[in-house]
Amino acid sequence: MERVLILGGVGAVGSEATRDIVETSGFSEIVVGDIDVERAKKFVSELGDERLSVVKVDASNLDELVETVKGFDLVVSALPFKYDINVTKACIQAGVNGIDVASEESQFDLSEEARRAGVLYVPGCGATPGTTNLMAKYGIQYLDEAESVEIYFAAFRCTAIAPGLLYTTFWEFDPKVERTYYEDGKYVRVGPFEGEREVEFHELIGRQKCYYVPHEEVMTLPMVFPQLRKVEVRGCFPPKTMELMRMLLRYGLYQDEPIQVGDAKVLPRDFFFNFLLRSEEAREQDVWAYGLVVVVRGRKRGVETVVTLKNRHPPMEVWGGRRAYAKNVGIPLSIGAQIIARGGVDELGVLPPEAVFDPKEFFGELAKRGIDIDVRIEQYGVGRAG
């Protein structure tokens with residue numbers, strides 16, 4: 001039977017992947033790896049499954065990580081994306097397959113090394129990237145000629161749900177981070193809060209304004225489907241979080257020049273980051289949910305066709321309260337891990353979800369867990385639900 005190591009398996013997202021793996025998988029041994037052993041032991045004890053155990057892992061130490069990974073059949077990483085490269089390298093060096101909730105462009109540079117080692121590693125298998133990649137793949141495969149993909153997300157959670165996710169929010173709008181869209185073989189650079197679009201998500205979230213974000217789908221989709229002429233990713237968070245990010249930008253608080261505060265020098269963004277982690281207001285949010293919309297344009301039997309896919313899931317009142325957001329990220333990670341473990345992927349290398357997973361199979365697994373993907377197909381304004 002398979003042995004799985006879940007890195008960061010007690011965090012906001014990782015705990016949902018761990019729960020789903022415990023509830024739905026056939027792994028004979030499920031080991032949660034975390035730097036905070038006591039927290040991990042408490043979480044494992046609450047789940048009460050005899051297959052569970054805990055190991056201390058410092059993902060910043062590559063040599064130590066390689067030794068920890070050896071002997072497992074699969075590694076599932078729910079760690080913040082700053083650890084992506086180390087986890088990918090550790091799996092390759094240990095000869096162990098892996099899957100990651102996050103994604104970083106440089107991971108794909110290791111693809112040939114992974115192939116030589118006989119390893120499959122799938123970065124970016126959460127909500128976005130992750131479910132969105134497969135929503136796009138569904139539309140592309142439906143069309144005879146796919147031309148463009150538009151991806152939109154609305155991540156409705158509190159501002160400071162956890163250090164890793166707060167860092168991600170800061171990163172999404174950092175003016176120094178390169179954000180692009182893909183068009184006709186080129187990457188066009190854009191700034192934070194550019195490319196505004198109003199998008200209608202499922203009824204829990206409704207209509208929201210979305211902006212360009214630096215997500216990996218703009219790189220991986222053209223890599224897997226070179227016929228695409230344009231790929232764009234836009235996203236948003238709850239309005240009060242968006243207002244805060246605008247304020248950070250407006251007042252130059254992303255600057256790299258430290259300021260003197262008493263006897264100490266601090267970066268403005270570091271102060272705000274740590275302040276938010278301690279702020280009660282930054283942990284408040286009325287609606288916890290995740291909205292995904294993917295629009296694929298092209299032609300079907302010579303007719304201009306638009307395929308629109310939207311997710312929906314139960315409201316937080318009946319779906320774990322605040323966990324409703326993280327379920328949308330952790331569950332796809334668990335599904336991808338289980339498909340790999342049961343031999344559902346033949347490819348080797350560092351490959352994105354759209355290169356290795358079948359959308360219909362994946363959507364079927366999501367539906368079993370309460371996440372539905374609705375499809376609408378329109379041809380010259382005549383639509384039909386699919």
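Reader: What hand does the crossing have where H3 passes H4?

Author: In this predicted model, H3 passes H4 in a right-handed crossing.

Reader: Why are H3 and H4 called oblique to each other?

Author: Helix H3 (residues 62-69) and helix H4 (residues 84-94) pack at an angle of about 50°. Angles under 35 degrees count as roughly parallel, over 145 as roughly antiparallel and 65 to 115 as roughly perpendicular, and the rest are oblique. An angle of about 50° falls in the rest, so H3 and H4 are oblique. Their axes are 9 Å apart.

Reader: Which residues make the contact?

Author: From H3 come Leu-62, Leu-65, Val-66 and Val-69. From H4 come Asn-86, Val-87, Lys-89, Ala-90, Cys-91, Gln-93 and Ala-94. By class, eight residues of this contact are nonpolar, two are polar and one is charged.

Reader: What makes Thr-68 buried?

Author: Thr-68 has a relative accessible area of 18%. The limit for buried is under 20%, so Thr-68 counts as buried. Thr-68 lies in helix H3 and touches Leu-5, Val-55 and Val-57, leaving out residues up to four places away in sequence.

Reader: How many residues of H4 are buried?

Author: Nine of the 11 residues in H4 are buried, and H4 is mostly covered. Among the buried ones are Asp-84, Ile-85, Thr-88 and Ile-92. Just after H4, Gly-95 takes a positive phi of about 70°.

Reader: Why is H11 called oblique to H13?

Author: H11 and helix H13 (residues 359-368) pack at an angle of about 125°, with their axes 10 Å apart. Roughly perpendicular ends at 115 degrees and roughly antiparallel begins over 145. The angle of about 125° lies between those limits, so H11 is oblique to H13. Their crossing is right-handed. In the contact, Ile-331, Pro-332, Ile-335, Gly-336 and Ile-339 of H11 meet Glu-361, Phe-362, Glu-365 and Leu-366 of H13. Six of these residues are nonpolar, one is polar and two are charged.

Reader: Which residues touch the most other members of the largest nonpolar core?

Author: Val-76, Ile-99, Val-149, Leu-221 and Phe-357 do, in a core of 105 residues. Helix H11 (residues 323-341) gives the most to this core, with 10 residues. Apart from it lies another core of 24 residues, including Val-57 and Ile-92.

Reader: What is Phe-357 in contact with, leaving aside neighbours within four places in sequence?

Author: Among its contacts are Ile-99, Val-122, Leu-134, Lys-137, Gly-336, Ile-339 and Phe-362.

Note on methods: Residues numbered from 1 in each chain as written. Predicted model: local features only at pLDDT ≥ 70, side-chain atom pairs only at ≥ 80, totals over all residues. Heavy atoms only, no water. Core = buried A, V, L, I, M, F, W, Y, C linked by side-chain atoms within 4.5 Å. Buried < 20%, exposed > 50% of the residue type's maximum accessible area, 1.4 Å probe, protein only. Helix = DSSP H or I, 4+ residues; strand = E, 2+ residues; numbered from the N terminus. Contact = heavy atoms within 4.5 Å. Axes fitted to C-alpha atoms, helices over the stretch in contact; angles between N-to-C directions. Left-handed = near helix turned anticlockwise from the far one by under 90°. Nonpolar A, V, L, I, M, F, W, Y, C, P; charged D, E, K, R; others polar.
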